[in-house]
Amino acid sequence: KCAGLQIVCIGAGYVGGPTMAMIAYKCHDVTVTVVDISEKQIAAWNSDTLPIYEPGLDDIVKERRNKNLFFSTDVDGAVEKGDIIFVSVNTPTKTSGIGAGRAANISNCELVARNIAKVATSPKIVVEKSTVPVRTAESMGRVLAANEKGIKHQIISSPEFLAEGTAIEDLLEPSRVLIGGEQTPEGHAAVQKLVDVYEYWCPRERIITTNLWSSELSKLVANAFLAQRVSSINSISALCEVSGADVDEVARAVGTDYRIGKHFLKSSVGFGGSCFKKDILNLVYLCESFGLHDVAEYWNWVVKMNELQKERFAKTIVKRMFNTVTRKKIAVLGFAFKADTGDTRETAASDVCRFLLEEGARLSVYDPKVLAEDMERELLYAKCEKDQIDQQITRVEDVYAAAKDAHAVVILTEWKEFKELDFDKIYSVMEKPAFIFDGRNILDHAGLREKGFEVFALGKNKIN
Ligand code: NAD
Ligand code: UDX
């Protein structure tokens, strides 16, 4: 149905790259061009080392690149020839001005819309792929309509639900594809064009079509609900630690009720990632701007609970280690915000590290995928002092080097390889008592205690 269609995506990041690679992989008769203003980003997409790590992504990109998948910095050229133009630019939380710290900055989206209005000489279907506040399509639509050529572009919303680390799986078999459009014949026709693309591989019943505002809002709500589950179980982990209950047992018992469901109930040191906090704060800000202050406060607690969880975990480390970690070496295993990604944005690890640095600890950090520059940038973003980073943190390429002479091992990301470590060896090279703080509850705690470790696991404090 779509033979000869030209699809363009503006923004070649964690969403634009994999999403477009999947369309190219599934629709061989469609040409997909991904453009970005960052030359470095595009050069990486055209190289053997892609700019992001995502299991399965390399194979798909290598198979379709320069066949029907192209990466380029020629934004205007791509806009000119595109039939469908996805907008997949970053929409970070505003750092200054009105709504600073909560509202999403949608200036990249507006810039892109202005450019399309200026450059396009034929009608385009512009797809909001970025996560945006509800009613952003209204302003984007007005900017697109304000072109001097009298061209009528269509704006539709199709937020992305992929999660990092499982992006390829999620794109191959999406739980749903959401497409919202204007409730006019032209709007319906534009929505149908995108439905036709996704129908190459997604069953029609998984493609949900709605009005524009429902689509935009659903994305924020989906992330708020997911994060709320993590904050809910994390709040219960605190109660488990003082009551003798085991948070994993509680999660299992509760999640077996089909109305609740078993997924997303894993207690952790705190959720991270570029989306949850940003999108909830965006929702909070929206509620406030519509005068819904109680609703805003309800959702704000999901973020507050997450901050408390990180702090609670870091304080527990200090308390358990005889109330001082000053000058003690601590091995930090994992820095990414979750396993199977090198992404560090909003990772809980940076806040835990900041707390330990302030207490004077020396940190030896190991992560299999995180780049040194990303780690440093995230630590600075989390307000760690530059000289503390330089003097108190060492990044190592080997877990056993991290553990050597360490007083404690702290697990902050649930990398599978951490479950398979030689803990006898680790125990032998550590200072004694040798502490393990499992911020992801992935290790065999009973087995570790038998080896001699002092183990703290979230929501699993042993009370006899
Ligand atoms: P990203 O920062 O990885 O990528 C965004 C890219 O857009 C960057 O490479 C940047 O250079 C480019 N860009 C910015 N302005 C541009 C412009 N005017 N012209 C051309 N390129 C421009 O961001 P991301 O993680 O891919 O997220 C993109 C959007 O998708 C955000 O709104 C985010 O909330 C949403 N989202 C992200 C995820 C995720 O897992 N990362 C999942 C679902 C939705
Ligand atoms: C999230 C949404 O899941 C995805 O649908 C959306 O498109 C983008 O935002 P992402 O942030 O990539 O995806 O990862 P996700 O798997 O949702 O994990 C987010 C954070 O929650 C991670 O830090 C993860 O470790 C944490 N988490 C998740 C828990 O602590 N416990 C859980 O049970 C699940």
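Tutor: Before the questions, one term is needed: the bend at a residue is the angle between axes fitted to the seven residues ending there and the seven starting there. Please also keep in mind that this is a predicted model.

Student: Where is the kink in α9 centred?

Tutor: Helix α9 covers residues 212–243, and along its course there is a kink of about 25°. The residue on which this kink is centred is Ser218.

Student: How far apart are the end C-alpha atoms of helix α9, and why does that agree with its number of residues?

Tutor: The expected span of a helix is 1.5 Å times one less than its number of residues. Because helix α9 has 32 residues, it should span 46 Å, and this agrees with the distance between its end C-alpha atoms, which is 47 Å.

Student: Which residue has a side-chain oxygen that reaches the backbone nitrogen of Trp213 at the start of α9?

Tutor: At the other end of the helix, α9 is followed by Gly244, which has a positive phi near 90°. At the start of α9, the backbone nitrogen of Trp213 has a side-chain oxygen within 3.0 Å, and that oxygen belongs to Asn211.

Student: Which element gives the most residues to the shell around ligand 2?

Tutor: There are 20 residues around ligand 2, and those that come nearest are Leu162, Glu164, Ser268, Phe337 and Arg440. By class, this shell has 11 nonpolar, three polar and six charged residues. With four residues, the element that gives the most to it is α9.

Student: How much of the accessible area of ligand 2 does the protein cover?

Tutor: Oxygen atoms of ligand 2 lie 2.8 Å from a polar backbone atom of Phe161 and 2.7 Å from a polar backbone atom of Phe337. Of the 660 Å² of accessible area that ligand 2 has on its own, the protein covers 90%.

Student: Which residue has a polar side-chain atom 2.5 Å from an oxygen atom of ligand 1?

Tutor: Among the 24 residues around ligand 1, the nearest include Val15 and Thr91. Val15 places a backbone N or O atom 2.9 Å from an oxygen atom of the ligand, whereas the polar side-chain atom at 2.5 Å belongs to Thr91.

Student: Which domains each give at least three residues to the shell around ligand 1?

Tutor: The shell around ligand 1 divides into eight nonpolar, 10 polar and six charged residues. At least three residues come from each of domain 1 (6–202) and domain 2 (213–464).

Methods
Residues numbered from 1 in each chain as written. Chains lettered and ligands numbered in written order. Predicted model: local features only at pLDDT ≥ 70, side-chain atom pairs only at ≥ 80, totals over all residues. Heavy atoms only, no water. Near = heavy atom within 4 Å. Polar contact = N/O pair within 3.5 Å; in protein donor to acceptor, adjacent residues only side chain to side chain. Nonpolar A, V, L, I, M, F, W, Y, C, P; charged D, E, K, R; others polar. Domains from an automatic or database assignment. Helix = DSSP H or I, 4+ residues; strand = E, 2+ residues; numbered from the N terminus. Areas by Shrake-Rupley, 256 points an atom, 1.4 Å probe, with all protein chains shown as cover.
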